[in-house]
Amino acid sequence: MTSPDSRSAALLPPGTDAQAFRTAAGGLVLGYVAVQAFQAYVFGIFPAPASAGEELLQGAAPLHVARSSLMLVWMFALTFISWVICAQGMRRRPLLAGAAFLGFFMFGLFEVALRSVELFWTQIQLPAEYLRAADPALRAAILDKAATFQSIQHALYFPLMFAPWLGSIGVFFLFPGTPRIHWALKAGMAIAIVRTAVRLLTYAGIELMSTAFYEKVYFLMVVVEFLPKAYWLFRVGDDQG
């Protein structure tokens, strides 16, 4: 039976089962991997667009809209997963756990905002306006709007990645090396730290990995980063914070 102390340490309301929260989070991790697999499939079946107009209309395809919708929903799931992980270590290091979760929470805010604009504006509204427009100048103006959003999105990806990078470092040091179950989580966090650092360095003009190669191995990196996290969530106990 879970003791009241372990529940409070995990920031769960009295009378709840901490293991149920961890199991739910582990299931959502596996769901996120499945969503990423679907995203990789969608990207793989569409040819590279030959023009900006084709790219805009391709984004409005039902499969792309479904992909973006699932990714948007799972941003909320990732925030819940991060909360469960950080709450597990709250008793040992409350300040570090809180700081780590703040990084992941900021990531969630940025992602939800950007993905909402991308889905509802650039994938639904703008393509519809583009198809209705007969004037070439009006179509060009619509494409300029989409290009402007892409530029803003690229700029905002620096704080979007930097916040969870700090969060991943925090979680890596949040849990001790014993029991050994924590090394599963640490392995996932280490991969996230390295992967995100590679992306962040591109903003300083340091390209350790080409964009084409990164996109090619991205799903594999998601798998090796998130499956250890799911394993840890399913196996860690209430007293192993």
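Student: Which residues does Trp232 touch, not counting residues up to four places away in sequence?

Tutor: This is a predicted model: local features need pLDDT of at least 70, side-chain atom pairs count only at pLDDT 80 or more, and totals for chains, interfaces and linings use all residues. Residues are numbered from 1 along each chain as its sequence is written, and side-chain values use heavy atoms, leaving out hydrogens and water. Contact means heavy atoms within 4.5 Å. With those neighbours in sequence set aside, Trp232 touches Ile85, Gln88, Phe175, Ile181, His182, Ala184 and Leu185.

Student: How many helices and how many strands does the protein have?

Tutor: Helices (H or I, at least four residues) and strands (E, at least two) are DSSP runs, numbered from the N terminus. From that end, the elements run α-α-α-α-α-α-α-α. The count is eight helices and zero strands.

Student: What percentage of the residues count as buried?

Tutor: Buried means under 20% relative accessible area, exposed over 50%, and partly exposed in between (1.4 Å probe, protein chains only). The protein has 241 residues. The buried share is 44%.

Student: Which residues have the most contacts inside the largest nonpolar core?

Tutor: A nonpolar core is a set of buried Ala, Val, Leu, Ile, Met, Phe, Trp, Tyr and Cys residues joined through side-chain atoms within 4.5 Å. The largest one has 42 residues. Those with the most contacts inside it are Tyr32, Ile85, Val171, Trp232 and Leu233.

Student: Which helix gives the most to this core?

Tutor: Elements giving two or more residues to this core include helix 2 (18-45), helix 5 (94-132) and helix 8 (211-235). With eleven residues, the top contributor is helix 4.

Student: Why does Gln39 count as buried?

Tutor: Gln39 is found in helix 2. Leaving aside neighbours within four places in sequence, Gln39 is in contact with Arg67 and Met71. Gln39 is buried because its relative accessible area is 8%.

Student: Which residues does Ala230 touch, not counting residues up to four places away in sequence?

Tutor: Ala230 is found in helix 8. Ala230 is buried, with a relative accessible area of 1%. Beyond those neighbours, Ala230 touches Gly26, Val29 and Leu30.

Student: Which residues of helix 3 are buried?

Tutor: Helix 3 covers residues 52-59. Helix 4, helix 5 and helix 6 are among the elements covering its buried residues. The buried residues are Gly53, Leu56, Gln58 and Gly59.

Student: Is the peptide bond from Thr178 to Pro179 cis or trans?

Tutor: Pro179 has its place in the loop between helix 6 and helix 7. Omega for the bond is near 0 degrees. The peptide bond from Thr178 to Pro179 is cis.
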